[in-house]
Every structure is written in structure tokens, then in C-alpha cells.
Amino acid sequence: MALISAQEVSVGFGGPLLLENLTFSMEAGERVCLVGRNGTGKSTLLKLLAQEITPDSGKIVRNRGVRIARLEQEVPEAMSGSTFEVVAAGLGELGRLITEYHQVSAQLAKVGGDKLMEQLDHAHHALDVADGWDAHNRVSTTISQLRLDPELSFVTLSGGIKRRVMLARALVSQPDLLLLDEPTNHLDIESIDWLESFFGSYKSALFFISHDRMFSDRLATRILELDRGQLTDWPGNFKAYQKHKEEALHAEEKHNQLFDKKLAQEEVWIRQGIKARRTRNMGRVRALRAMREERRQRRERQGTVNMRMENAEKSGKLVVESQNVSLSYEGQKYIDNFSLTVQRGDKLGIVGPNGSGKTTLLNVLLGKLTPDSGKITIGTKMEVAYFDQLRAALDESKTVEDNVGGGRQQVNVGGRDRHIISYLADFLFAPDRARSPVKVLSGGERNRLLLAKLFLRPSNILVMDEPTNDLDVETLELLEELLADYKGTLLLVSHDRAFLNNVVSGLLVFEGGGVIGEYVGGYDDYLLQTAKPQKAEKPIKKVKKVISQDSKKVKKLTYKEKLELESLPAKIEETEEEIAKIQEKIAKPEFYQGEQKDVAEVLKRLESLEVELAIFYERWEYLEAI
């Protein structure tokens, strides 16, 4: 029996239904990823499953006794207490008893005293009565498994660690179904890798919303897509969904074109002269009315963001050069003896743990921050456009159009004036939304607004600090294309591994202690370059040993060796052809965008073939010499 199922569920908040007659179910152990454009109702569906809201019609059916926990997208601001206390609170009243016992135990260990001993006895008895010792052990075990310090104050933790604490809080109830809303948002790559590993071996069912394509691809066993109020079920991982979705959209477009053509023909027929109306078929008239209603009910797919960048005059060939730069702050070294040359057209990604100094590095390279030692040389003719992860460039009190237009009704785009409302429509802001204050916008809308403001400014240096947070997959892919075609220089801070793979030509990686490594290629290329080398087989040395022994004994070729000598040129040619094909495959940009396992296998095959070729050549030379 399914853990949970939705049966003809509909929800609306005025206007078209946000969710319309949704029907689906989830089985134990499934990992289902919910995808869809921003604003389609994904978080609303999650709240329905968590019983936080009720549907307008239809019903959510839960298996008797099923336990459901939800990890929210944003960490609650009012949360306080130690890590242990926050996690234990996930057990409700039982968690309060566990916290009380934990606090008294900690105090007693520090100061002792009969009064505290009496309080401990009381707390111990309360846990006995509530049969709460298994739950107490579960809290401690979960905190340990998630590598958390139970005594640290929650408010002092980084955003990534707070998310991990909230996950522990959800897990202590041992849910049969765990609901996750954008679990990778604002996490660094190390934390995302840990999360993938943790959920990869998680036994209970997962239902999660994510725009992180690599995370979804590695975890999901099924994709549910929410589009125009309807839910579509796609078996397999995220890459399989993308392929089949593209085919489905093409088929839908073709069907709509044929339908609209037939409707237009019928409209011409119904408007013919009186003679035609006298003889018209009433069945055909009824069919036309049905077609009109079907066309009226059709919900058009939401448009895509239409982004373009204003390019400034080329910068100088040298953009920035750092020589032995170091910088420390409050005893922590962020940059240590770092040298780098950035030239016009470079596209560099910057990655590292949260708090490691990525934004600090950007400010040093842009000349906004003076290093403790070393030298920064800034190039000429630089026009910088800066995307700020804190969205400080947005005025919360002003409307969307005022933030972009600065009170002007016209903006210059591509050398011609456009009305501000028309320009904002390119970034999916309807007229009423364009006149709304920024403070009411969602995270995804704020990011789109910042992009709309940023791309009005001509630039030849584009600096983007975490631009991918809260953006849906389609907007991410459009932004990727735009940045890939950008003629200027790009400095990009991001934790989105797929985005880095598709955009950058090199990476700067914070490796700890202020050390910043420089690597060629995207994130997967970096992993290959830093992978621990496996013990390589050394067949060439074996061959050399055989050869040296043979040379002492053999003065002329045996019949078997003559046959071997004759066959070697063909083997060499065949091996060289296969190597050439693999090298051609590797040279293509999309090669490193494939599955990491497949990439590693191809590279391993190439290494094996090169070893074989060396053996063939050495054997051929030896036999030829005899």
C-alpha cells in the first residue's frame, strides 16, 4: 500500500487553479523529485503532503501510522538554543523532557549539588514514564551521524550547518516520508556532496523540490513535474526526464498548431454566406463550439526569460594580475601568497566552503579591498557589472520598475528605447508584478530582477556572486547560454556544479589555510585533476625484462615471432585509430558534462590503449632489429 497519495486534489488562490485535479502516490523507499517553474505551486504541494494546508477539493490519503517530517526551505529566524535542544524539539513534548534531562545533566557535571541531583532524578523519572530513552539515544545518535556539536548555540552557526541541524531535527522522528524544499539552497559544494552521500543510503522515502540538476540526477528515482496546474510522472533520473520532456513539448507544440489550424478553418466556414448557413451541418456547429471551449481552456506554457547583455568596448588584454597577495582578518588567513593573471575573455569560477573568503577574493581582484601584502595590477578600460549574492543593489521599499528604471519609463536596450514594463516582461514580470514593491517578491523573482537591472549596464567584466540561488532550471539554462556567449571576462562564484561545468574555463578553489588552487576546466575536470592516482600497471617494464632475457638467447626469429612481426603493424594501426577516436571525443566540450563514471571509464581506456601502443612499438622495434 502507498505511504501517501493525492486523489483529484485542486488548490487555487484566485484566478486559474494553482493545482488542478492532481493524482499520484508514493511508495516506501522511493526518492521523488518535484520540478517546475518558479510559482507553479511546488511548495504548496509540499505543504499539502505535510498537512499544513488542506485542498479546495479532492483529498490526501495517508497510510495509517505513517510518519511525515518536512525540512523547510528557509531556516526559521526565531530558532534558538543549543544544537541538542533544537534537534530534540523535533519530538514535541517528548523532546522537551529529553532537553530538560540533558540540561540538568550538563549543569550537574559542571557544578554538582544536591538540588541539581534532585532535579536530575525528577527528569530521569519523567523520561522513564514517557518511555523516552530510545528517543533520547536517537537524538544523540542523529547528532553524531550528521557530525554536529550538540553544545554549540544554534544562532552562531553558519547557514549550511543550520540546515544540517534542521535536517537532524526532522530525522529524529524517524519519518517514513521526508519532505525537502530546496535542500541544497545556500549550501557550499562540500555540504551538497555530504547531503548527496547521506541521502544516497537513506532508507525511508524522500519527496524533494530541487533546481540543482546534479543533485536531482544523482538521487531521484522518479521525477514529478508541475506545469500549468497539472502533474506529469516521469520515471528515471533527471537527465532522462529532460530528454523526454523536450520530446513531449515538441509533440504538444505540433498538436496545438494542427488544432489551431483546424479551428481557424472551421471559423471561416461558420462565417460563410447565407447559402452555406442554410446547408450547414449542426453536428459540425456543435463540434466547433467544443473546439472553441477547448481552446479557451488551454493554459499556455509560461514564457521563458528573454535575456541579453549590453557589451561595452573591449577591456585591455590584461584584466587583473595578483602577485604574491596575502590577506588576513581577525586572525584568520583568507588569502595566502596568491598569484594569478586574468586576461580578457577568461571565464573563471570560484568555489570553496562558506566563509572561506570567496567574496573577499573578488573584492581584492576588483581593487575594492587592499591586501596585507603583495601587489594587484588592474587593467584598463574596465566596465564592471556586479551581481551581489546579498541583493544589496535592490531597494526593498521601491517597486520592481523603479529599481530597474530609476523612475524612468524608458530604458535603452540594444541601442533603442523600450518601455520599462515591456523590458521587465522579458524577465517574466507581469505589469501588476512590475508595480509591486520588491519586499513582496520571492527569492527567484529577486534574482530575476537583479539580472534585469544588471544586464542594462554595458560591461566587459561580469562579476557574479551566487547568481543561481532560487532560479528554476529553464532560467538557469538560459543564463548558462548567455554567459557562454559573453564576449567579456567572467568571474563567477557558484556552488552549482552543473552550472560551473557548462560555463567556466577554469576554477579557483579555496583549499584551506588561505591556499587557492588554480585548475583548468569545470568542476568535473577539477575532480579528475585532484583524484588520487590509482596504482598503475607497468606492463612496459615487464616487456623490457622479457626482451632483455630473450636478447641473450635468440639470434634469429622463430616462426612464431615472424608471424608476430607481420601482425604488429596492423595492431599498431588499429590501436592508433581507436586512440584518435577517443581523443576526438574528449576534445568535444560536452564530453566532461556526461556522467562522471563514464568520463572516468573513457579516460582509463585511453590510458590503457596508450600503454598497449607503447608495448607494440617496442616489441616491433625489437623483432625488426633481430
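**Charged pairs**

I began in helix α3 (residues 93-111), where E93 and R96 both lie, three residues apart, or about one turn of the helix. Helices here are DSSP runs of H or I with at least four residues, strands are runs of E with at least two, and both are numbered from the N terminus. I was working with a predicted model, in which local features need pLDDT of at least 70, side-chain atom pairs count only at pLDDT 80 or more, and totals for chains, interfaces and linings use all residues. Residues are numbered from 1 along each chain as its sequence is written, and side-chain values use heavy atoms, with hydrogens and water left out.

The side chains of E93 and R96 meet in a salt bridge, 2.7 Å from N to O. I took a salt bridge to be a side-chain nitrogen of Lys or Arg within 4 Å of a carboxyl oxygen of Asp or Glu. Side chains of opposite charge can pair when their charged atoms come close. For accessibility I used relative accessible area: buried is under 20%, exposed is over 50%, and partly exposed is in between (1.4 Å probe, protein chains only). E93 is partly exposed at 48%, and R96 is partly exposed at 44%.

How many salt bridges does the structure hold? I found 20.

Next I looked up R37, which forms a salt bridge with E474, the closest N and O atoms being 3.2 Å apart. This pair links distant parts of the chain: R37 sits in the loop between β3 (31-35) and α1 (42-49), while E474 belongs to helix α17 (residues 473-485), 437 residues apart. R37 counts as buried because its relative accessibility is 6%, whereas E474 at 22% counts as partly exposed.

K381 and E313 gave me another salt bridge, with 3.6 Å between the closest N and O atoms. They too join distant parts of the chain, 68 residues apart: K381 is in the loop between β13 (373-378) and β14 (384-387), and E313 is in the loop between α11 (282-297) and β10 (318-329). Are these two buried or exposed? K381 counts as exposed at 54%, and E313 counts as exposed at 58%.

I also noted a network of salt bridges that links D193, E196, D212, R218 and R497.

**Cores**

I then turned to the largest nonpolar core, which has 52 residues; V139, L167, L178 and F199 have the most contacts inside it. A nonpolar core means buried Ala, Val, Leu, Ile, Met, Phe, Trp, Tyr and Cys residues joined through side-chain atoms within 4.5 Å. Helix α6 (residues 159-171) gives the most to this core, with six residues. A second, separate core has 45 residues, among them L394, L490, L492 and Y519.

What does F199 touch, leaving aside its neighbours within four places in sequence? I listed contacts (heavy atoms within 4.5 Å) with R31, L167, L178, L180, L206 and L219.

**A hairpin**

Last, I checked strand β15 (residues 410-413), whose covered face carries V411 and V413 and whose uncovered face carries Q410 and N412. Strand β15 pairs with strand β16 (residues 416-419) in the antiparallel sense over four bridges, where pairing requires at least two DSSP bridges between the strands. V413 stands opposite R416 in β16. The hairpin has two residues between its strands, and G414 takes a positive phi near 60° there.
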